[in-house]
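Dear colleague,

Please find the structure below, followed by my notes on what was found in it.

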Amino acid sequence: MSRRLVAFGVMLASGFAGLGYQIVWTQQSALWLGHEAAAVLAVVTAFFGGLALGALLLGGRIDRSHHPARWYAGCELLIAAWSLLLAYTMAPAGFALATLAGPEPGPWVQGAIALGGSFLLFLPATVSMGATLPAMARLLDQTAARRGSLGELYAANTFGAVVGVLATAFWLVPAIGLAATASWCAALNIGCAAGALLMTRRNEPVPPLAISPPSSRRILWLLSATGLLGIGYEVLVVRVISQLAENTVYTFAVLLAVYLLGTAGGAAIQSQQARRDTVGADAISERLLLALAVACSVGAAALWGGPSIRNAVLGLPLARSVVLGVTAEAAMALAAFALPTVVMGALFSHLCTQAREQGRGFGVALGVNTLGAAAAPLVFGVMLLPALGAMVALGIVVCGYLALGFWTARRALPGRLIRVASVAVAGVAALTLLPALRFVDLPEGGRLLDYTEGPTAAVSVVESAEGVRVLRVDNRQQEGSSATAFVDARQA
């Protein structure tokens with residue numbers, strides 16, 4: 001069996017374990033954070049932050065190392081050991097963090113402990129995860145002459161992550177529990193370490209990777225910005241769909257699986273296309289960025305069809321309501337994610353290859369992209385969404401991609417600049433005309449009195465034709481009603 005096939009198999013298993021841990025950690029963190037939405041934000045931020053640190057701090061050392069297999073195996077073994085430790089110590093650690101926050105923490109204290117505590121809890125494992133992909137790329141001795149190879153490796157790792165998300169949420173955790181699931185994922189990490197060591201013959205040293213001096217920092221800014229915008233789009237879409245979904249861990253797993261599947265497919269497609277491309281790298285970047293702006297616009301527009309998609313699926317003659325609910329959530333996710341994520345995967349693969357050809361190590365490219373992704377939940381989920389609303393925040397994502405496309409084409413021919421500027425003007429004009437993404441079920445003759453979007457939920461106050469007011473969270477959970485106000489006052 002060739003080294004490449006073994007590498008792809010190892011990356012599949014490593015991706016399965018990594019996203020399996022994310023599901024396990026999200027459910028465990030929800031216990032001490034008190035809310036699954038808060039746990040998703042905290043774990044995603046901590047996950048991407050650790051991945052970025054690992055790629056940035058260890059990627060350069062791995063490129064200079066004569067024994068990348070040892071680096072890879074060591075990282076996988078550390079992931080396994082730390083994750084096993086977390087599986088049995090998360091409860092007391094979470095209790096300590098909740099105690100530190102106190103019964104009524106302010107928003108800044110709660111945010112600092114939720115994000116900072118999660119980051120530190122997972123740090124050894126996530127830093128090691130961030131170094132595994134650069135180490136495997138180094139082990140295969142990827143070179144700039146083999147365009148597309150990095151994309152194939154990333155695609156294999158992400159396809160494994162898709163399987164890991166679905167299998168962990170729908171099968172392993174319900175069947176054997178959180179601790180046992182983490183143990184199975186740790187066993188996969190150990191198998192990945194063994195596979196990497198078997199790829200080297202007689203422990204032969206690998207010559208250090210020859211990387212020319214970096215020619216520009218522009219590619220790093222592009223990688224960081226696209227990481228921020230890509231995960232920002234994911235955060236915003238998940239929040240909008242939460243008004244129509246059941247908002248369980250299964251919802252998160254389905255949405256994440258669809259997002260990852262699209263990016264993996266895009267990376268795989270681009271890795272094949274890269275070998276046939278004859279145009280310049282900047283021209284490809286420009287096309288992909290403009291295509292991504294259009295794709296995100298189409299995906300955001302598809303969100304208005306969410307109620308129709310949900311109702312159509314729920315009307316299917318399936319026996320189990322749980323299956324119908326999950327299918328409806330998957331259909332809404334496909335409508336919003338399918339096109340944008342394919343382009344995102346292709347763009348990431350292309351930019352990483354371009355960075356390598358410009359003298360940047362893969363670890364640096366992956367690290368700056370993931371660093372931007374780590375900031376996305378805070379920037380878009382905590383800051384922009386409550387302040388501006390989902391529609392305007394999604395418009396900022398679209399305008400961000402348009403601006404990057406314009407920046408990439410700034411030295412191009414006037415015709416290309418005119419095309420980019422035209423698309424930008426059209427995007428801004430559409431942003432001012434589109435209605436807000438609010439989904440609130442109103443009773444016959446009822447009206448919406450108030451609607452507020454917060455970092456973890458959208459809250460609405462609905463009044464019926466009889467004057468009864470109801471408080472709803474994400475349009476699904478009813479928290480109170482004025483129907484018994486008179487009786488409650490008499491009791492008081």
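Gln477 counts as partly exposed because its relative accessibility is 45%, where buried means under 20% relative accessible area, exposed over 50% and partly exposed in between (1.4 Å probe, protein chains only). This is a predicted model, in which local features need pLDDT of at least 70 and side-chain atom pairs count only at pLDDT 80 or more, while totals for chains, interfaces and linings use all residues. Residues are numbered from 1 along each chain as its sequence is written, and side-chain values use heavy atoms, with hydrogens and water left out.

Gln477 belongs to strand β4 (residues 477–481), strands being DSSP runs of E of at least two residues, numbered from the N terminus. Not counting residues up to four places away in sequence, Gln477 touches Leu471 and Arg472, contact meaning heavy atoms within 4.5 Å. Ser460, in strand β2 (residues 458–463), counts as buried because its relative accessibility is 2%; beyond its neighbours within four places in sequence, its contacts include Val440, Tyr451, Leu471 and Arg472.

On confidence, the mean pLDDT (the predictor's confidence in each residue, from 0 to 100) of the protein chain is 83, but pLDDT stays under 50 over residues 142–148.

Best regards

Methods: Helix = DSSP H or I, 4+ residues; strand = E, 2+ residues; numbered from the N terminus.
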